[in-house]
Amino acid sequence: MSTYSLDKMKLATRLIHAGAEPDPSTGAIMTPIYQTSTYVQSAPGQHKGYEYARSQNPTRAALESALAIIENGKFGLAFSSGVAATDAVIKLLSPGDEVIAASDMYGGTYRLFTKVFEKFGIKFKYVDTTNPENITAVLTEKSKLIWIETPTNPLMNITDIEAVSKISKKAGTILCVDNTFASPYLQNPLDLGADIVMHSSTKYLGGHSDVIQGALIMNDQSLKDQLYFIQKSCGAVPGPFDCFLVLRGIKTLHVRMKQHCENGIIVANYLRSHPKVQQVFWCGFLDHPNYDIAKKQMRGFGGMLSFTLKDESIEAATKVLSSTQIFSLAESLGGVESLINHPASMTHASIPREERMKNGLTDGLIRLSIGIEDAADLVEDLKQAID
Ligand SMILES: *Cc1c(COP(=O)(O)O)cnc(C)c1O
């Protein structure tokens, strides 16, 4: 099936066939793992489009074409991790440039911005992007990039991508959306006006907790050329085996996400009804402050949620965190198995406490990545842990 005709197909068909041309040399239906560092040339400069594997690899090329197709973009680039993809985007900038970033986002993104790039003279302004007017308020002539994440990790706040993209277009900035939590199954930021979509492919795209990888997808040729140049020059490329794993993960994204969403609804409603639970952060509740926007820009609400107990002490949270049997206590998310996490001491420990508390990321907050096990078992496990 050629990638050309895929454009007209429905998502499930695209997910399975994206990037999967039979191998021209053997007809192998799965893209082989081209475990090679270099390619033989018949004469100097005469080759088949592949010179050196930091620049090009056929397994990576298949994955990159799949990434573009599933995000409705023209170009995809695969990176050795999600943060490596983020790193490449910031390297589009120069000292003196300003970035407007969401105040509530993945801790590793915040760490990269504040601890690595600030010292190179790039200025980051953090605002609550759930109200896009906050972005307008801090825009200056030096603003070059707007970085948002929606839904956010771990508080499930929603930012209106289309509204922010209008602000960005008017200001002439680049809008990059971290789409890790939603995955392309639930949300396609390029269709809503974003310039770049970023993924930690480690999460839902890979889907099996067995690979670290990142991705960028875009429509603009010059943006793609610059990002490819940065990737090739800085070297954050994924290995061919990891590309094979993500390519394989993408083929089942739709069936996994469907189940993550179904289980998410059941667990969210169960927790909300539990007498010991104080608050559940999940964007599928009708009274979630940004429910209307979530409904407008997403096709479902996913498998991520957070909650707090009425007893807000760290001890009470710790008791739950160490009592689950099916939910494993671990960082990361988006795999087939359910995980439980304590953002304040684990995934978001790199954000100073005062910053965290300001955004509502309290010490007692518990985050769940709801897997695709039977929902009844998940509910039972949470029940025994909380009781
Ligand atoms: C995990 C994660 C990242 C970082 O990706 P890595 O693959 O761990 O480098 C970025 N953004 C979000 C939302 C994430 O969950």
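Modeller: Let us begin with Lys358, which has its place in helix H14 (residues 353-358). Please keep in mind that this is a predicted model, where local features need pLDDT of at least 70, side-chain atom pairs count only at pLDDT 80 or more, and totals for chains, interfaces and linings use all residues. Residues are numbered from 1 along each chain as its sequence is written, and side-chain values use heavy atoms, with hydrogens and water left out.

Biologist: Why is Lys358 called exposed?

Modeller: Exposed means over 50% relative accessible area, buried means under 20%, and partly exposed is in between, with a 1.4 Å probe and protein chains only. Lys358 has a relative accessible area of 63%, so it counts as exposed. The C-alpha atom of Lys358 is 27 Å from that of Gly96, and the two residues are 262 residues apart along the chain.

Biologist: How do you know that helix H10 (residues 240-250) is largely enclosed by the rest of the structure?

Modeller: Eight of its eleven residues are buried, so H10 is largely enclosed. The buried ones are Pro240, Cys243, Phe244, Leu245, Val246, Leu247, Gly249 and Ile250. They pack against helix H2 (11-17), helix H3 (58-70) and helix H11 (253-273), where contact means heavy atoms within 4.5 Å.

Biologist: Why are H11 and H15 called roughly parallel?

Modeller: Axes are lines fitted to C-alpha atoms, for helices over the stretch in contact, and angles run from 0 to 180 degrees between N-to-C directions. H11 packs with helix H15 (residues 375-386) at about 30°, the axes being 10 Å apart. Under 35 degrees counts as roughly parallel, over 145 as roughly antiparallel, 65 to 115 as roughly perpendicular and the rest as oblique. The two helices are therefore roughly parallel to each other.

Biologist: Which residues meet where H11 packs on H15?

Modeller: On the H11 side they are Asn263, Ile266, Val267, Tyr270 and Leu271, and on the H15 side Ala375, Leu378, Val379, Leu382, Lys383 and Ile386. That contact divides into nine nonpolar residues, one polar and one charged. Ala, Val, Leu, Ile, Met, Phe, Trp, Tyr, Cys and Pro count as nonpolar, Asp, Glu, Lys and Arg as charged, and the others, Gly among them, as polar.

Biologist: On to the sheets. What makes two strands a pair?

Modeller: DSSP has to find at least two bridges between them. In general, strands of a sheet pair through backbone hydrogen bonds, either parallel or antiparallel. Here, five strands form an open sheet in the order E8-E9-E12-E11-E10, with mixed pairing.

Biologist: What makes strand E8 (277-281) and strand E10 (328-329) edge strands?

Modeller: Each of them pairs on one side only. Further in, strand E11 (residues 339-341) and strand E12 (residues 366-369) run antiparallel and are joined by three bridges, which meets the cut-off for a pair. Leu339 has Ser369 in E12 as its bridge partner.

Biologist: How do you know that E9 is largely enclosed?

Modeller: Six of the six residues of E9 are buried, so it is largely enclosed by the rest of the structure. Met304, Ser306 and Thr308 are buried on one side, and Leu305, Phe307 and Leu309 on the other. In a regular strand the side chains alternate between the two faces of the sheet. E9 is joined to E8 by four antiparallel bridges, and E9 also pairs with E12 in the antiparallel sense over four bridges. Phe307 stands opposite Ile366 in E12.

Biologist: Why is one side of strand E1 (75-79) and of strand E3 (123-127) left without a neighbour in the sheet?

Modeller: An open sheet of seven strands has the order E1-E7-E6-E5-E4-E2-E3, with mixed pairing. E1 and E3 stand at its edges with a single partner strand each, so one side of each has no neighbour in the sheet. From one strand to the next, the twist averages 20°.
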